[in-house]
Amino acid sequence: MAVRTPGAGVPARPRLLVPVVAVLAVLLLVGGVGVSLYTDLLWFRNVGFATIFTTVLSTKLLLFLTFGLLMALMVGANVAIAYRMRPPFRPMSLEQQNLERYRVAVEPFLRTVLLLGSGVFGLFAGLSASARWETWLLWRNGTPFGAVDAQFGRDISYFAFTYPFERFVLGFLLTAVILALMAAAATHYLFGGVRLQTAGEKVSPAARAHLSVLLGIVILLKAYAYYLDRFGLAFSERGVVQGASFTDVNAVLPAKNILVGIAIVCALLFFANIVVRNILLPAGALGLLVVSAVVIGGIYPAYTQQFRVKPNEVQREAEYIGRNIEATRRAYGIQDTVVTDYAGERTASPSELRADRGTIPNARLLDPNELPPTFEQLQRIRTYFGVNSTALDVDRYTINGEVQDYIVAAREVDQRKLTGQQRNWINEHLIYTHGNGFIAAPANEVDDDGQPVFVVGGVPVRGPNGGPSPIRIDQPRVYFGELSPEYSIVNTEQGEIDGPEAGGEQQTFNYDGKGGVQLSGLITKLAYAAKFREPNLLLSGAIQPDSRVMYIREPRARVQKVAPFLELDSDPYPAVVDGKIIWILDGYTTSAGFPYSERTVLGNATADSQSTRRLPQEEVNYIRNSVKATVDAYTGEVTLYQFGPRDPVLETWSKAFSGILKPESEISAELRAHLRYPEDLFKLQRELLAQYHELDPEAFYNKEDFWAVPRDPADAVNRAANAGDAAAPPAAGNLVEQVAQGQPQPPYYALLQFPGERTSRFSLSTSFVALGRPNLTAFASVSSDPQDYGTIRVLELDANDVPGPGQVANQFLTNPQVAESLLALRRNGTNLTFGNLLTLPVGGGLLYVQPVFVRAQGGESFPTLQRVIVSFGTETASEPTLPQALDSLFGPGAGAGVGTPSPGLTPAPGESPTPGGNVPPAADVAGLIGQADAAFRAGQEALRRGDFAAYGQEQERLRAALDQLATRTGQRAAAPGPSPPPPG
């Protein structure tokens, strides 16, 4: 009987498994890349920016192939040369006997090993190079700045575009030659050209010549590196400021020139070693280079800095500090800042306040960072709608011939509000696809309940008292917004939820625009099914040939996709332009290659107490807001406009991506009226203005007059105001120190009439305190109006005792009247929130205005404005309204004409702005009780003083508060107490 061998006849599956798995992995990888590229191409074609896709892809392929092949050739060729130069006979030794085993194993597969090894090196080099596509395009399309640097006399474009590319090429060549040297040395050693442990000659003549050439090339590249280091001194950080310092110019620069010469001589000696065959000569030269680099390049500059510069640093560095000041102001666009002396008075009369008709009447009482819940509750209309919960936006509109700033928001679909039963693929991607409407409320007004006065809102969109919207909106639907789902399929057989009609009936809508990629064929459906990993895209019968898939819908992500060379401002905002809702975004061109300019980290400079999204942690020393971008909320159309003065960086990108930018002349007048000076840019500029307002190098060195951006007191004040027992006044504690540890105070948009001028501008403003002290020292504002857009105006205070934001916040909580009024608001278990602290230049001084919002704890409550605190100099007042607070602070008549309410919206049938109907929020009732309590206490205090006129005014306030409370609660108000006896 035959013995059966174990495993005989069994298929060799283990041997087949590895190649099968490898093939499948490659297919999945290639397939995934193919799907990504194909869907990207369809998306770019849909938005009209296919040139971005093709240019970036072709550039990456070019760099990948060029540098990948170059790396593979350099490594592979040198290994092949080393193998060809192997000695025919090798001396017998233990070392060679041990290496013989490896030679026998490698030589049969040498070609395969060579190709695979070179290919791996080439692959990684190509991938690394393809990531530098921006560096390549900037060098290839570089545009002159028309200005030269102060040290070398080269156009700034060399430092911005050419120098980074030269550094990249140098780094690549050094890496490639060093890898080739290492691979060649290993090959020579393996095949006997280098014999480290064998008696006799250690290196064969052929190996010596080969390795000498490679070492000579390395040293030659090092000489080029020394040459480039000279220009890198324009970004040196050795001195007081960035840029070439005294030591750099007088010690480091000559040292680099000398080292270039020594390195060239050293490289030539290595090349000569091919003929001379004496390793001592190039080795000696290499030693000289190392010693020179240490002595000339290190010790001598350190000596110069310590013994020539330090004893007389101001005089030595003055010229170079001046270069830095000039370059920094130009690179960040602050060279034309208008600085004016300002008295900083501590007292003002009612007549001086009444003379200001542009600032105080427009004081922004609604804080866009605190009121998203209020807008959400009052204007959500349906549970599946919402507004951006991070922050609302501020813009200005001309209504009835009057320009006014408004708090605005788009009503978007918010799928986070869908309940568990509503969450399925059809609802999330075919039915709840879009929002509907635009919301606007004057920034300086509230109604009697402390709620915003909406002049535009509702579904369908309408104006006050159910009339037409004062802002014409032809297409209110929002398919592209900040809350839009990841992807939606529109124009399907399923109707898309559109919100209620005028009669309250739920309506549906079918998209008829051109936004999104049309799912017109099986291949397209298959590609998107693979992209989103969703088989329903293939199986659903609701999807028609003219259905469209929308994705990349968030405005910022959408613009970033079509303009990857831009940094985008963190705050897109909606505006109604020509009857359409559009998102407006600000695009920045940046560079780190402006010589002598101070470098700044974008993320750090743009962070403040309210920022939830900031610019990347990227170092730059040049920035321009040269692009205004718009995204149509209905079609998703992206438009990029060139904007502002000439920008060589943008011109360079325009050459690389021709045809993607529209000229500034095509910006319509209506769109231009809604352009804002970007907040992130202003944050960056104010950080620099805090130092670079000083133009004298000696004063700059001594930091005699440096400023600082004040810390935002809101967090510390809110903690103090809500701490402890609600029956006790808020405790300020050491509030100034707490504020000093907080985040920077955010700038704010508002209509502002600058001192000495007769008209108000829509401006972005900030204040400054003295460096290391809490006193206010300056106020800055930049205009967004078309006629003087971008003009930065600074008021530098003559007085040095004007309180800063932290000190004012401390005044608020320690003032007895303010503390008592806040205590009254807290007695019903509500939370207090201090809104934006505004600093307004009026009456020759600075008026601080801070709204206080009240919100009941828990439930569907929302903040309402119940108190306004004002301060001028050392005086403070707290009242329910701004006019009352101004009268209390400055005297009767100071608040005349301020804060006249506008008519607001009335709910349409089927609309329920608050859960359960129009139920008065607990915060409103608490606010009215607080007003009544404060009026009663103030009246009693006036009575004790014998001021019967003030007592009568407080009695009227008490009666008004009780009447409103009775109206809200349905109870009859109690009559005020008995009138005081007549005087006398």
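Two strands are taken to pair if DSSP finds at least two bridges between them. Strands (E, at least two residues) and helices (H or I, at least four) are DSSP runs numbered from the N terminus. The model is predicted, with local features requiring pLDDT of at least 70 and side-chain atom pairs pLDDT 80 or more, whereas totals for chains, interfaces and linings use all residues. Residues are numbered from 1 along each chain as its sequence is written, and side-chain values use heavy atoms, without hydrogens and water.

Strand β4 (residues 402-410) is joined to β7 by 5 bridges, and the two run antiparallel. Within this pairing, V408 has A440 of β7 as its bridge partner. Both strands belong to an open sheet of 3 strands, ordered β3-β4-β7 with antiparallel pairing. Its edges are formed by β3 (393-399) and β7 (438-442), each of which pairs on one side only.

At V252, α8 bends by about 35 degrees, and the proline P254 follows within four residues. The bend is the angle between axes fitted to the seven residues ending at a residue and the seven starting there. R277, which follows α8, has a positive phi near 60 degrees.

Overall, the protein has 28 helices and 30 strands. Of its 984 residues, 55% are buried, that is, under 20% relative accessible area with a 1.4 Å probe, protein chains only.

Definitions and conventions. Buried < 20%, exposed > 50% of the residue type's maximum accessible area, 1.4 Å probe, protein only.
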